[in-house]
Amino acid sequence: MKKKDIQELKNKQEGELMRLVKDKSDELRVLKFDLAAGKVKDISKIREARKKIARAKTFLNQHAK
C-alpha cells in the first residue's frame, strides 16, 4: 500500500472506515468460499483484503482514543 493510500485512510471518518471494514470483510468471505471451491486463481487478493481490514481497524481504534 502506498503512502498516499494510507494517508487517505487516516483522513476518513469513522463511518467510512466502518463501511470499508464491512465491505472488505464481505469480499474476504466470498474469496475464501471461492478458494475452497477452486475458483480463485490469485490468492494474493485474500492477503490484500485482510491487510486492508487490519489497517482500517487500526485507524478506527486511533479515532476512538
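## Packing of α2 against α3

In this predicted model, helices α2 and α3 are roughly antiparallel to each other, because their axes cross at roughly 155° and angles over 145 degrees fall in that class. Helix α2 covers residues 14-37 and helix α3 covers residues 44-64. Their axes come within 9 Å, and the crossing of α2 past α3 is left-handed.

On the α2 side, the contact is made by Glu14, Leu17, Met18, Leu20, Val21, Lys24, Ser25, Leu28, Leu31 and Leu35. Helix α3 contributes Lys45, Ile46, Ala49, Arg50, Lys52, Ile53, Ala56, Lys57, Phe59, Leu60 and His63. Sorted by class, the residues in this contact are 13 nonpolar, two polar and six charged.

## Alanine 56

Alanine 56 is a residue of helix α3 and is one of those that meet α2. Its relative accessibility is 0%; buried means under 20%, so alanine 56 counts as buried.

Leaving out residues up to four places away in sequence, alanine 56 touches Leu17, Leu20 and Val21.

## Lysine 24

Although lysine is classed as charged, lysine 24 counts as buried, because its relative accessibility is 16% and the limit for buried is under 20%.

The side chain of lysine 24 makes a polar contact with the side chain of glutamate 27, at 3.1 Å. With neighbours within four places in sequence set aside, lysine 24 is in contact with Ala49, Lys52 and Ile53.

## The chain as a whole

The chain contains three helices and zero strands, giving the order α-α-α from the N terminus on. Its C-alpha trace spans about 40 × 20 × 15 Å along the principal axes.

Of the 65 residues in the chain, 20% count as buried; alanine 56 and lysine 24 are among the buried residues. Among contacts with a separation of 6 or more, 68% join residues 24 or more positions apart.

Notes
Residues are numbered from 1 along each chain as its sequence is written. This is a predicted model: local features need pLDDT of at least 70, side-chain atom pairs count only at pLDDT 80 or more; totals for chains, interfaces and linings use all residues. Side-chain values use heavy atoms; hydrogens and water are left out. Axes are lines fitted to C-alpha atoms, for helices over the stretch in contact, and angles run from 0 to 180 degrees between N-to-C directions. Helices (H or I, at least four residues) and strands (E, at least two) are DSSP runs, numbered from the N terminus. Angles under 35 degrees count as roughly parallel, over 145 as roughly antiparallel, 65 to 115 as roughly perpendicular and the rest as oblique. A crossing is left-handed if the near helix is turned anticlockwise from the far one by less than a right angle, and right-handed if clockwise. Contact means heavy atoms within 4.5 Å. Buried means under 20% relative accessible area, exposed over 50%, partly exposed in between (1.4 Å probe, protein chains only). A polar contact is a pair of N or O atoms within 3.5 Å; within protein, one must be able to donate a hydrogen and the other to accept it, and residues adjacent in sequence count only if both atoms are side-chain atoms.
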